[in-house]
Amino acid sequence: MKILITGTAGFIGFHLAKRLLERGDTVVGIDNINDYYDVNLKHARLAETGITHTTLVDGVPQQSDKYENYIFIKLDLCDKAGLENCFETYQFDAVCNLAAQAGVRYSLTNPDAYIEANIKGFLNILECSRHFKVGHLLYASSSSVYGLNKKMPFSAHDNVDHPVSLYAASKKSNELMAHAYSHLFNLPTTALRFFTVYGPWGRPDMALFLFTKAILEGKPIEVFNNGKMKRDFTYVDDIVEGIVRIFDHPAKSNPDWNSQNPDPATSAAPFAVFNIGRGEPVNLLDFVEEIEKETGLIAKKVFMPMQDGDVAETSADVDDLKHLLNYEPSVSVHTGVKNFVKWFTEFYHPDLHIAQKTLRIAV
């Protein structure tokens with residue numbers, strides 16, 4: 001297929017692009033490379049896929065030095081004309097929109113960024129997908145849409161009408177907008193509700209990155225809700241596996257959909273919602289313990305109250321993916337944390353990595 005992935009300088013987009021390129025799809029990646037976090041990490045991800053130009057001109061395609069089937073364009077989703085030109089030029093079979101303003105905490109202080117990127121930018125994706133007859137639009141939603149819902153595990157078939165952050169509200173809005181376009185224009189759309197994605201090349205604002213960095217530097221880590229938190233930590237390869245399976249099965253109308261008892265995860269229109277998680281919540285302190293094992297260091301923990309916009313527990317019901325698409329997450333938290341710490345030390349502290357490896361061999 002010829003596929004557009006937005007956000008390919010980002011964490012999940014980078015991994016998804018690599019997977020699709022390696023299976024032979026033609027991929028066009030776009031990203032505005034904003035400074036929400038270290039742009040050097042974003043450029044390093046791009047370099048891993050053969051986009052080695054450190055100076056990228058907006059709207060100008062860059063051919064990968066590593067994959068002949070990969071082109072990258074620096075482009076903002078809010079640049080409607082630039083986006084239309086991209087869709088017209090490449091005539092995509094499918095689109096996966098992963099570009100967004102991420103972060104629950106950041107949305108408390110910078111709400112405008114979420115309206116621009118996650119609402120206005122997504123509207124432009126919908127419009128282009130409609131006008132250029134895209135066969136399937138996938139887009140990143142989030143486990144944060146479950147908000148005040150305390151029913152565990154979280155099911156895509158339950159209502160999610162009580163978000164506790166603007167970030168979550170923007171992702172729920174994306175699902176509503178997508179359904180309208182599926183209904184009005186017969187555009188197949190699928191929401192991907194990700195659950196706490198982690199792994200190599202992860203974002204610096206995520207817990208695993210923050211904790212690992214602080215522990216290696218001998219600094220304290222902040223443990224919110226006094227450590228009484230659970231997260232459905234999901235390794236990035238398992239997330240990508242779920243996305244790829246959904247790519248190959250575009251959303252369809254549910255012939256059994258009942259308007260008297262509507263199912264939020266399906267529709268009479270070609271619309272679907274999937275959770276993509278591991279389905280096995282982990283205590284936050286157990287997660288920290290895995291980092292301690294891999295670094296060989298004990299974390300200095302500072303216990304804090306719950307933060308605004310946060311929830312105490314997440315747990316994904318992934319039965320739909322398992323039954324419909326034979327999805328089976330396979331990477332344990334132990335293996336996932338080990339892989340991340342290995343990448344982190346190689347990328348940021350290569351001398352430390354060598355010392356650790358030598359120590360383990362000696363032992």
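Helices (H or I, at least four residues) and strands (E, at least two) are DSSP runs, numbered from the N terminus. The model is predicted: local features need pLDDT of at least 70, side-chain atom pairs count only at pLDDT 80 or more, and totals for chains, interfaces and linings use all residues. Residues are numbered from 1 along each chain as its sequence is written, and side-chain values use heavy atoms, with hydrogens and water left out.

Two packed helices are described by the angle between their axes and the distance between the axes. Here, axes are lines fitted to C-alpha atoms, for helices over the stretch in contact, and angles run from 0 to 180 degrees between N-to-C directions. Angles under 35 degrees count as roughly parallel, over 145 as roughly antiparallel, 65 to 115 as roughly perpendicular and the rest as oblique. A crossing is left-handed if the near helix is turned anticlockwise from the far one by less than a right angle, and right-handed if clockwise.

Helix α1 (residues 11-22) and helix α8 (residues 236-247) have axes that come within 10 Å and cross at roughly 60°. α1 is therefore oblique to α8. The crossing of α1 past α8 is right-handed. From α1, the contact uses F11, I12, H15, L16, R19 and L20; from α8, V236, D237, I239, V240, E241, I243, V244 and F247. Ten residues of this contact are nonpolar, one is polar and three are charged. In this sorting, Ala, Val, Leu, Ile, Met, Phe, Trp, Tyr, Cys and Pro count as nonpolar, Asp, Glu, Lys and Arg as charged, and the others, Gly among them, as polar.

The axes of helix α9 (residues 284-295) and helix α11 (residues 333-348) come within 9 Å, crossing at roughly 50°. These two helices, α9 and α11, are therefore oblique to each other. Their crossing is right-handed. F287, E290, I291, E294 and T295 of α9 touch V333, H334, V337, K338 and V341 of α11. The contact of α9 with α11 holds five nonpolar, two polar and three charged residues.

For helix α3 (residues 80-90) and helix α5 (residues 111-131), the axes come within 10 Å and cross at roughly 35°. α3 passes α5 with a right-handed crossing. K80, L83, E84 and F87 of α3 make the contact with N124, I125, C128 and S129 of α5. Four of these residues are nonpolar, two polar and two charged.

Rolling a probe the size of a water molecule over the atoms shows where empty space is left. On a 1 Å grid over the protein atoms alone, a cavity is a set of points where a 1.4 Å probe fits but cannot get out, and a pocket is an open set with protein on both sides within 12 Å along at least five of seven lines; lining residues have an atom within 4 Å of a point. Grid points are joined across faces, edges and corners, and a volume is the space filled by probe spheres set on the points.

The count comes to one cavity of 30 Å³ or more. The largest cavity has a volume of about 50 Å³. Its lining consists of F11, V197, Y198, G199, G202, R203, M206, L208, F209 and F340. Seven of these are nonpolar, two polar and one charged.

The second largest pocket has a volume of about 420 Å³. Its lining has 19 residues, with A251, K252, A272, F274 and L324 nearest its centre. β12 (271-276) and α10 (319-325) are the elements that give two or more residues to this lining.

Terms used. Contact means heavy atoms within 4.5 Å.
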